[in-house]
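Let's go through a model together, one feature at a time. Have the viewer open and ask away.

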Amino acid sequence: MTHATLSPPSFPRLGLALGGGGARGLAHVHVLSALDDLGLRPAAITGCSIGALIGAAAAAGMSGAEVEDEILAALGRPTDVWGKIWKLRPRSLADIAGGLPLFDAEAVIGEFLPDRIPDDFAELPIPFSAIAADFYGTTEVEISAGSLRRAVAASIALPALFKPIEIGGLTLIDGGVVNPLPFDRLPDNIDLIISVDVVGTPVRPEKSRLPGAREALFGASQILMQALISEKLKSRQPHVLIRPPVDGIGVLDFTKARDILAATASVREEVKAAVGRRLDAAA
C-alpha cells in the first residue's frame, strides 16, 4: 500500500529509539530514510551505543541519505578506515594492559562524527538523549544536556575496546550493558514509538574454532543485551519494533559498511510498511 506524505500536524508525536550493536547498527540509516520517505520527523530520539551516534546525527537534522553519505565517506574505503585507526591507536602502556588495547572513544568520535553535528545538546533541533552505564554506581545514565560528543563517546565506550568516559564525576561505559533498546527513555507524550533492535547473535568463528578473547567478550555482551531486551519486552512493547537482518555481521565489521548497508536495505520498506499500518489504524 502506498501512503501519502503527511504533514506534521496530521500525525501523532513520533519517538525513535535506536539500539546498540556495533557495526550492525549501520542498518539504522535505513530507518531514517524510511521516515524521510514518509515525510515524518521524530519529535524525540534516544539512542544507545551505535544508536546514540546515528541518533545524534538524526537529531541534528540530517536525513537518512545524508547520514549514509557520511558513513560511506568515513568507512567506505577500508584502507582509509585502517589509517584512521592507526592514527588513533593506544600508545601508553596503561592503555594496552592485559593485551587488549583500549581506544579513546572521544577521539574516535572526533574522527568519525560529521562536523555539522553540534557539540551541545541545546543546539539540536530535535530533543535527544544518549544512554550510558555508570560503572561504579552500576546504574543506567541518560544524558540529554552538555557536550553531545562526549555523551555519545560515553554511550559507545564498549569495555575491552574503549576507555571509560568521565562525565559529572561518573565513570561511564557503553549503555548496552544496562539498556540496549532504550525506547522506555522516550518522553511520556510520545504517541508512536519506533524501536530498532540491532543486537543480533554472536558470529560463529570459521573452521569451528573456539572464539578468541575479544570475540568471547563481545559475544557475551550480545547475550547479555538480548536477555535485557527479552525481559523488557515482557512488560512493555514499542508500537513498532524493527529487527534488521544483522546475524552474520560482526560487531566490529565497520570496514564492511557498504556490504552491511546493502544486506540490510530491506529495512527501509519494512519500516514504511509497519508505520503505514499504524497510520491506517489511526485514521
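Q: Let me begin with a pocket: how many residues line the second largest pocket, and which lie nearest its centre?
A: Keep in mind that this is a predicted model. The second largest pocket has a lining of 20 residues. Nearest its centre you'll find Val203, Glu215, Phe218, Gly250 and Val251.

Q: How much space lies in the second largest pocket, and how does its lining divide by class?
A: A volume and a class count go well side by side. Here the space comes to about 430 Å³. The lining has eight nonpolar, four polar and eight charged residues.

Q: What about the largest pocket: how much space lies in it, and which residues are closest to its centre?
A: About 940 Å³ of space lies in the largest pocket. Its lining runs to 38 residues, and Val108, Leu161, Phe162, Leu252 and Phe254 are the closest to the centre. Sorted by class, that lining holds 27 nonpolar, seven polar and four charged residues.

Q: Now helix pairs. At what angle do H1 and H2 pack, and how far apart are their axes?
A: With a helix pair, take the angle and the axis distance together. H1 and H2 pack at about 30 degrees, with axes 10 Å apart. Angles under 35 degrees count as roughly parallel, so H1 and H2 are roughly parallel to each other. Their crossing is right-handed.

Q: Which residues meet where H1 packs on H2?
A: From H1 come His28, Val29 and Leu32, and they meet Ile50, Gly51, Ile54 and Ala58 of H2. By class, this contact has five nonpolar residues, two polar and no charged ones.

Q: H1 also packs with H9; what is the angle there?
A: H1 (residues 28–38) and H9 (residues 267–282) pack at about 50 degrees, and their axes are 8 Å apart. That angle makes H1 oblique to H9. The crossing of H1 and H9 is right-handed.

Q: And which residues of H1 and H9 meet?
A: On the H1 side you have His30, Val31, Ser33, Ala34, Asp37 and Leu38; on the H9 side, Val267, Arg268, Val271, Lys272 and Val275. The contact of H1 with H9 divides into six nonpolar, two polar and three charged residues.

Q: One more pair: how do H5 and H6 pack, and at what angle?
A: H5 (residues 105–112) and H6 (residues 148–155) pack at about 120 degrees, with axes 8 Å apart. H5 and H6 are therefore oblique to each other. H5 passes H6 in a right-handed crossing.

Q: Which residues make the contact of H5 with H6, and what classes do they fall into?
A: Ala105, Glu106 and Ile109 make it from H5, while Arg149, Arg150, Val152 and Ala153 make it from H6. That gives four nonpolar, no polar and three charged residues.

Terms used:
Residues are numbered from 1 along each chain as its sequence is written. This is a predicted model: local features need pLDDT of at least 70, side-chain atom pairs count only at pLDDT 80 or more; totals for chains, interfaces and linings use all residues. Side-chain values use heavy atoms; hydrogens and water are left out. Axes are lines fitted to C-alpha atoms, for helices over the stretch in contact, and angles run from 0 to 180 degrees between N-to-C directions. Helices (H or I, at least four residues) and strands (E, at least two) are DSSP runs, numbered from the N terminus. Angles under 35 degrees count as roughly parallel, over 145 as roughly antiparallel, 65 to 115 as roughly perpendicular and the rest as oblique. A crossing is left-handed if the near helix is turned anticlockwise from the far one by less than a right angle, and right-handed if clockwise. Contact means heavy atoms within 4.5 Å. Ala, Val, Leu, Ile, Met, Phe, Trp, Tyr, Cys and Pro count as nonpolar, Asp, Glu, Lys and Arg as charged, and the others, Gly among them, as polar. On a 1 Å grid over the protein atoms alone, a cavity is a set of points where a 1.4 Å probe fits but cannot get out, and a pocket is an open set with protein on both sides within 12 Å along at least five of seven lines; lining residues have an atom within 4 Å of a point. Grid points are joined across faces, edges and corners, and a volume is the space filled by probe spheres set on the points.
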